[in-house]
Amino acid sequence: MQPDEIARIHEEALAEAREADSADALEAVRLKYLSRKGLVQDIMASLKTAAPADRPAIGQAANRLRAELLDAVNRRREKLAEAAETSGPAFDITLPGRWPGLGSIHPVSGMIAQCADIFRSMGFTVADGPDIETAFHNFDALNHPPGHPARDPRDTFYLEDGTLLRTHTSPVQVRYMQAHPPPVRIIAPGRTYRRDTPDATHSSNFHQIEGLYVADRVSLADLKGDLTYFASQLLGARVQVRFRPHFFPFTEPSVEVDFSCHVCGGQGCRVCKQSGWIEIGGAGMVDPNVYTAVGYDPEAVTGYAFGLGVERMAMIFHGIPDIRLLYENDVRFLAQF
Ligand code: FA5
């Protein structure tokens, strides 16, 4: 190959490398000139047939072409990469963003928040207590005699050290009165645990809202009035509240509290098992023995206490027919709230 032809190839190769407008086009230029079957290789092959005097010049021209072209290809590659980073089509700012979706508030948490708002408006503050309790706070101080059936390991989850998972939120009453002199007006929402067999209205892990109002002249009429007012705030003025005589070791007298079924308006349906009523909680006037256990003077104070089932209230509020739906974590169910 003649030197002037090599010079022409040299110029063309550098121009093509400079003008390549994509990584693919640049690779094509590299292959055309620098690969094993490329034009630089053709120049080298022509050495064999060239006049011996021309050979050094041809060899040097080919080497210069290879070095300069390699350099030009590398520089062009960097330029193209830079341009792709700053203005390439990888990021289209006109596309709508991806919506990761928001979680929803669990109906049990929502019910606790709703109840707490109502009780706060009635002058209650919110107190708290541990899930792992001593037998003293869960039973003894609440006037449970030694052989009381609720203490049985078949009903209560005991830990190895003799502590237990609280079976109700009532031990918070004990802790709060031990730490605060009267008057007291608190609610205590929280988890509770029992070895109950799960069914449509029972779970072995559920929630209660404890209430305690202790002052100097609190009566059963206050308890009935306050819980009836609470029910009307939660479920509307049409809800009816029923108090049935009952027994709890820590209240005297004691009642069970039913709300008329919000789902059927009291006519009878699946949720209320056709009765028109749903048992929501237990309540009563605090037993004098409890005051003695916490260091209050039973002659100086009177008070009421209640414990409401949160899941039961969520069920009638939302028309949920089975408590287990609240614990299956099916997102299709939970997303409705
Ligand atoms: C009590 O737990 C008493 N501590 C309530 C109380 C407090 C009485 C203060 C007097 C003074 P009881 O075991 O009835 O009472 O439970 C109260 C409510 O918790 C029930 O009415 C029901 O709504 C709910 N509950 C009880 N067991 C379960 C369960 N296994 N699953 C779901 N909810 C339950």
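How many salt bridges does the structure hold? The structure holds 15 salt bridges, a salt bridge being a side-chain nitrogen of Lys or Arg within 4 Å of a carboxyl oxygen of Asp or Glu. The model is predicted: local features need pLDDT of at least 70, side-chain atom pairs count only at pLDDT 80 or more, and totals for chains, interfaces and linings use all residues. Residues are numbered from 1 along each chain as its sequence is written, and side-chain values use heavy atoms, with hydrogens and water left out.

**Salt bridges within helices**

- Glu12 and Arg8 are joined by a salt bridge with an N to O distance of 3.0 Å.
- Both of these residues belong to helix α1 (residues 3–19), where they are 4 residues apart, about one turn of the helix; helices are DSSP runs of H or I with at least four residues, strands are runs of E with at least two, and both are numbered from the N terminus.
- Glu12 has a relative accessible area of 35% and is therefore partly exposed; buried means under 20%, exposed over 50%, and partly exposed in between, using a 1.4 Å probe and protein chains only.
- Arg8, at 43% relative accessibility, also counts as partly exposed.
- In helix α2 (residues 23–34), Glu27 and Arg30 lie 3 residues apart, about one turn of the helix.
- The closest N and O atoms in the salt bridge between Glu27 and Arg30 are 3.0 Å apart.
- Glu27 is partly exposed at 30%, and Arg30 is partly exposed at 27%.

- Asp330 and Arg332 form a salt bridge whose closest N and O atoms are 2.8 Å apart.
- Asp330 is partly exposed, with a relative accessible area of 27%, whereas Arg332 is exposed at 69%.

- His207 is located in strand β5 (residues 205–215).
- With a relative accessibility of 8%, His207 counts as buried.
- The side chains of His207 and Tyr327 make a polar contact of 3.3 Å; this term denotes a pair of N or O atoms within 3.5 Å, where within protein one must be able to donate a hydrogen and the other to accept it, and residues adjacent in sequence count only if both atoms are side-chain atoms.
- Not counting residues up to four places away in sequence, His207 touches residues including Val108, Ile112, Arg191, Leu308, Glu311 and Tyr327, contact meaning heavy atoms within 4.5 Å.
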